[in-house]
Every structure is written in structure tokens, then in C-alpha cells.
Amino acid sequence: MEAMVAFITDDFHECYWTMQEVGFAVAKGVPIIALKVGKHDPPGFMALKQALKGQIDVPIKNAENLYPLIGSKLRKRRA
């Protein structure tokens, strides 16, 4: 993967696999963008990252906000 977008839902922290996937991305040095679509802040070491606020029911708006951020992260990674 080139970048990871983690959708932080209210039950994100309850799933073993979500934290495993994030851990894999961290270990590989992959840029991680947290998109907060619930009420809770990112859990665990994800709490160190500022989450972009979004809404689960407006995917187009989320994409519009994510697209430039992903591009920025990938440019920094390749520099």
C-alpha cells in the first residue's frame, strides 16, 4: 500500500484487525490518515495523529478533503 486511510468509527477500537492493519502500516512507514467519522478520537497510538473530521453519510465530501491530503503525504514520502 502507498497510503492508509483509517476510518475512525465509534467501534474502531473494538476490532482486533483494524489495529493490526494500522500497526502493519506503521511498521512499513506508510503514511496514515485518520478520518474521524464517529464521536470518539482515534485509539491507542493512533491518538497521536490528528484526525480529519468527516461524516460517514457524505462520502464525496470526505473524498474531496482526503484527496489533496493523500497527495501531499505521498509527495513527502517520495522526496
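This is a predicted model: local features need pLDDT of at least 70, side-chain atom pairs count only at pLDDT 80 or more; totals for chains, interfaces and linings use all residues.

Reader: What makes up the chain, in helices and strands?

Author: The chain has two helices and three strands. Helices (H or I, at least four residues) and strands (E, at least two) are DSSP runs, numbered from the N terminus. From that end the order is β-α-β-β-α.

Reader: How do you know that β1 and β2 pair, and in which sense?

Author: Two strands pair if DSSP finds at least two bridges between them. β1 and β2 have five bridges, in the parallel sense. F7 stands opposite L35 in β2. β2 and β3 (residues 52-53) have two bridges, also parallel. There, K53 of β3 is the bridge partner of K36.

Reader: What is the hand of the unit made by β1, α1 and β2?

Author: Those elements form a right-handed β-α-β unit. The test: with the strands pointing away from the viewer, the path from the first strand over the helix to the second runs clockwise.

Reader: Why is N62 called buried?

Author: Buried means under 20% relative accessible area, exposed over 50%, and partly exposed in between (1.4 Å probe, protein chains only). N62 has 5% relative accessibility, so N62 counts as buried. N62 sits in helix α2 (residues 59-78). Leaving out residues up to four places away in sequence, N62 touches L35, G54 and Q55. Contact here means heavy atoms within 4.5 Å.

Reader: Is K36 buried or exposed?

Author: K36 has a relative accessible area of 14%, so K36 is buried. K36 belongs to strand β2. Not counting residues up to four places away in sequence, K36 touches I8, D41, A51, L52, K53 and G54.

Reader: Why is β2 called largely enclosed?

Author: Five of the five residues of β2 are buried, so β2 is largely enclosed by the rest of the structure. I32, A34 and K36 point one way, while I33 and L35 point the other way, and all are buried. Across the chain, buried residues make up 27% of the 79 residues.

Reader: Which residues make up the largest nonpolar core?

Author: A nonpolar core is a set of buried Ala, Val, Leu, Ile, Met, Phe, Trp, Tyr and Cys residues joined through side-chain atoms within 4.5 Å. The largest has 10 residues: M4, A6, I8, F12, V22, A25, V30, I32, A34 and A51. Elements that give two or more residues to this core are β1 (4-8), α1 (16-28) and β2 (32-36). β1 gives the largest share, three residues.

Reader: How many aromatic pairs does a search of the whole structure find, and why is the pair of Y16 and W17 named as it is?

Author: The search finds one aromatic pair. The ring centres of Y16 and W17 are 5.0 Å apart and the planes stand at 80 degrees, so the pair is edge-to-face. Rings of Phe, Tyr and Trp (its six-membered ring) pair if their centres lie within 6.5 Å; planes under 30 degrees apart count as stacked, over 60 as edge-to-face and the rest as tilted. Y16 and W17 are both exposed.

Technical notes. Residues are numbered from 1 along each chain as its sequence is written. Side-chain values use heavy atoms; hydrogens and water are left out.
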